[in-house]
Amino acid sequence: MEKTTIEKKMKYSDLNDPDVNDWCPGCGDNGIRTSISKAMVELTNDTEYTRTIAFFSDNGKSTDLAVSGEEGHVEDVALQAGFDRSEVHNGLRTADVMMVTGIGCSAKMTNQFRKIYTFHSLHGRALPVAQGIKLANWDLEVIASMGDGDGLGIGGNHFFHAGRKNIDMTVLIHDNQVYGLTKGQQSPTMLKDMKTKSMAAPAIKEGVNPLTAAIGAQFTFVAQSYSNAVKHLVETIKTGVKHKGTSFINVLQTCPTYNDIFTDKFFKTRLHDLSELDENYDPVVRSLDEKNRKRAEAYALAEEGYMRLNPEDGERESFKGLYYQDLTALPLEYIWSQKIGTTPLAKRDITDPERKKVVGSLFETYRRL
Ligand SMILES: Cc1ncc(C[n+]2csc(CCOP(=O)(O)OP(=O)(O)O)c2C)c(N)n1
Ligand code: SF4
Ligand SMILES: [Mg+2]
């Protein structure tokens, strides 16, 4: 396997532009933005961090990795199939990172980053934009960050399909249970019978549980953290970025302006570590034979762990930690690269016949829709 080391390190002060911060005082989005920056900086020095920069196949055959990927750890399977990767070790630079957001208070995060690539997209569309970017240029470390309305309401369809596509990228939801930007209406994660100061009446529908939704949608990495638990969130983001496949992190987030129920005070006393729910829990799938059992266990734990009613006092509580990680599933771009060749489309000359063919067939598909 070819390895490249890049010496230039990223600095925290390179990344954030405080002049464009217009979030309300105390908004949890600050903690999320800070945590993403810290995670990126720490990843530049993390010896376990690798980023795929190219794919190549020694034998030139189009091996069906989707099938062989079911037989073991993803990296072993890829190598056995005569499929190799060229990786960067220990070398995340600003020019390697692509941050994509949708629309909402959370989405304004892209305005505040400097030097990395950013794309402030449309409401609900952060995922298809991020997926397209990654498939066209798998050299990039792609992070998509969305509001809970953005990701699970208008963008719910994309969320559902992102799991099974399993493109190597990291997805965060800023879960403040309201539509912050449009003045605090309930979002899909608002729990039934809850009423914030911004709602006219209590919610009459059941809330979406983002953790069970993600496990059901076959995300290969599912974790929960909290906007103001920066140390935990930084570690969770780093683990998610290192995971090969789509990582989903639900970030419980305070919105002091509209959500007076799930406040920092609430999370300080009612957010626990997942180990307190099950001290022996092991979320990692290492071989295919344990996949179904571990997914079922993760689902059961996620049902409790998102916002259960504590059996003793009847009050809400939540649990942060890693709920599920599947090391056996292949990222989609491994398979995609075998179909289109080993150079990402974004790196090819505009006249490259293969590029013309792929782009042409995409246009043809859209024309027929
Ligand atoms: C297609 C479309 N529909 C509706 C809107 C109006 N709109 C803007 S942000 C938003 C909701 C934002 O809530 P959420 O995604 O939870 O993000 P938050 O502001 O809470 O971070 C809505 C409905 C829009 N901009 N575009
Ligand atoms: S409305 Fe809520 S989510 Fe939006 S900036 Fe203010 S505190 Fe943050
Ligand atoms: Mg929201």
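**Figure 1. Gln177 sits in the loop between strands β7 (169-175) and β8.** Everything here is a predicted model, where local features need pLDDT of at least 70 and side-chain atom pairs count only at pLDDT 80 or more, while totals for chains, interfaces and linings use all residues. Residues are numbered from 1 along each chain as its sequence is written, and chains are lettered from A and ligands numbered from 1 in the order in which they are written. Helices (DSSP runs of H or I, at least four residues) and strands (runs of E, at least two) are numbered from the N terminus. Now for the residue itself: Gln177 isn't a glycine, yet its phi is positive, near 65°. Most residues other than glycine have a negative phi. Is Gln177 buried or exposed? Gln177 counts as buried because 26 C-beta neighbours lie inside 10 Å. (Buried takes 20 or more other C-beta atoms within 10 Å, exposed 12 or fewer, and partly exposed is in between, with C-beta atoms placed from the backbone.)

**Figure 2. Gln218 is another non-glycine residue with a positive phi.** Its phi is about 70°. Look for Gln218 in the loop between α9 (210-216) and β10 (221-226). Gln218 has 19 other C-beta atoms within 10 Å, so Gln218 counts as partly exposed.

**Figure 3. Ligand 1 and the residues around it.** The closest ones are Gly104, Gly147, Gly149, Asp150 and Gly180. Which of them gives the most? That's α7, with 3 residues. Sorted by class, the shell around ligand 1 has 5 nonpolar, 10 polar and 2 charged residues. (Nonpolar means Ala, Val, Leu, Ile, Met, Phe, Trp, Tyr, Cys and Pro; charged means Asp, Glu, Lys and Arg; the others, Gly among them, are polar.)

**Figure 4. Ligand 2 in its surroundings.** Who surrounds ligand 2? The shell is Trp23, Cys24, Cys27, Asp29, Cys105, Asn176, Gly180, Cys255, Pro256, Thr257 and Tyr258. By class, 7 of the residues around ligand 2 are nonpolar, 3 are polar and 1 is charged.

**Figure 5. Helix α2 (residues 29-43) crosses helix α10 (residues 230-242).** The two axes come within 8 Å and cross at roughly 55°. (Axes are lines fitted to C-alpha atoms, for helices over the stretch in contact, and angles run from 0 to 180 degrees between N-to-C directions.) The pair α2 and α10 is therefore oblique. (Under 35 degrees is roughly parallel, over 145 roughly antiparallel, 65 to 115 roughly perpendicular, and the rest oblique.) The crossing of α2 past α10 is right-handed, meaning that the near helix is turned clockwise from the far one by less than a right angle. On the α2 side, the contact includes Gly31, Ile32 and Ile36. The α10 side brings Val230, Leu233, Val234, Ile237, Lys238 and Val241. By class, this contact of α2 with α10 has 9 nonpolar, 3 polar and 3 charged residues. (Two residues are in contact if their C-beta atoms, placed from the backbone, lie within 7 Å.)

**Figure 6. Helix α6 (residues 126-136) is mostly covered.** How many of its 11 residues are buried? The count for α6 is 8, and Ala126, Leu127 and Val129 are among them. Helix α6 packs against α8 (residues 156-165) at about 30°, with the axes 9 Å apart, and α6 and α8 are therefore roughly parallel. Leu127, Pro128 and Gln131 in α6 meet His158, Phe159, Ala162 and Lys165 in α8. The contact of α6 with α8 splits by class into 4 nonpolar, 2 polar and 1 charged residues.

**Figure 7. Gln325 belongs to strand β15 (residues 316-326).** Gln325 is buried because 22 other C-beta atoms lie within 10 Å. Leaving out residues up to four places away in sequence, Gln325 touches Thr220, Phe221, His243, Pro283, Val284 and Val285. Gln325 and Phe219 are 106 residues apart along the chain, with their C-alpha atoms separated by 8.5 Å.

**Figure 8. Thr50 is in strand β2 (residues 50-57).** Thr50 and Lys242 are 192 residues apart in sequence, but 6.9 Å apart in space, C-alpha to C-alpha. Thr50 counts as partly exposed because 18 C-beta neighbours lie inside 10 Å.

Key. A residue is near a molecule or strand if its C-beta atom, placed from the backbone, lies within 6 Å of it.
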